[in-house]
Amino acid sequence: MQTSAGKPSCPPSLSQHEALVYVMVMMSAVDREMSDDEFTRIGRLVQFLPAFEGFDEDHLVLVGHECAAQLAAPEGLDIVLEIVREALPERLHETAYALAVEIAAADQRIRNEEIRLLQLLRDRLGLDKLTCAAIERGALARFRK
């Protein structure tokens, strides 16, 4: 990112609510298709999960657009992963991963791009593979027909 003077600008700092929304938008956008199911799921999760208590739901679309713009910038994915890591307290790392898995599973098929993003998120947040496998297995069980 650059300012109008042509100098590099710092990526935005996020609230923990915004960081969690960024994770969901990032997962939804990774395959370059944000499905209606994924967007609907993001809205529902923001409405009822305790992690979003105090978040202004009217702010959701703006945060989603900010995330999309950041992702479109050079090295956007790496920057977004880093600002998410910096914004989230460690106690919400597993929550962030669970939200990413929830969005990936919303359309009942996991694409290679989504698997790769989950790996990047797991590594960036310092989560262990066993915990992540349990989160993934739980999502599969919830979405099974």
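**Exercise 1.** In this predicted model, Glu-102 forms a salt bridge with Arg-41; determine how far apart the closest N and O atoms are, and which helices hold the two residues.

*Solution.* The closest N and O atoms of Glu-102 and Arg-41 are 3.8 Å apart, which can be set against the cut-off of within 4 Å for a salt bridge. The pair links distant parts of the chain, since Glu-102 belongs to helix α5 (residues 93–105) and Arg-41 to helix α2 (residues 36–48), 61 residues apart. Both Glu-102 and Arg-41 are buried.

**Exercise 2.** Trace the network that salt bridges with shared partners form around Arg-124.

*Solution.* Begin with Arg-124 and Asp-78, whose salt bridge has its closest N and O atoms 2.4 Å apart. Arg-124 lies in helix α6 and Asp-78 in helix α4 (residues 76–87), so this pair ties together parts that are 46 residues apart in sequence. Next, take the salt bridge between Glu-82 and Arg-85, with closest N and O atoms 2.3 Å apart; both residues lie in helix α4, 3 residues apart, or about one turn of the helix. Through shared partners, salt bridges join Asp-78, Glu-82, Arg-85 and Arg-124 into one network.

**Exercise 3.** Check the span of helix α6 (residues 112–125), and find where its buried residues lie.

*Solution.* At 1.5 Å a residue, the 14 residues of α6 should span 20 Å, and the end C-alpha atoms are 20 Å apart, which agrees. The buried residues of α6 are Glu-114, Leu-117, Leu-118, Leu-121, Arg-122 and Leu-125. Seen down the axis of α6, these buried residues fall within an arc of 140°, so they line one face of the helix. On the other side of α6, Asn-112 and Asp-123 are exposed.

Methods
Residues numbered from 1 in each chain as written. Predicted model: local features only at pLDDT ≥ 70, side-chain atom pairs only at ≥ 80, totals over all residues. Heavy atoms only, no water. Helix = DSSP H or I, 4+ residues; strand = E, 2+ residues; numbered from the N terminus. Expected span 1.5 Å × (residues − 1). Buried < 20%, exposed > 50% of the residue type's maximum accessible area, 1.4 Å probe, protein only. Arc of directions from axis to C-beta. Salt bridge = Lys/Arg side-chain N within 4 Å of Asp/Glu carboxyl O.
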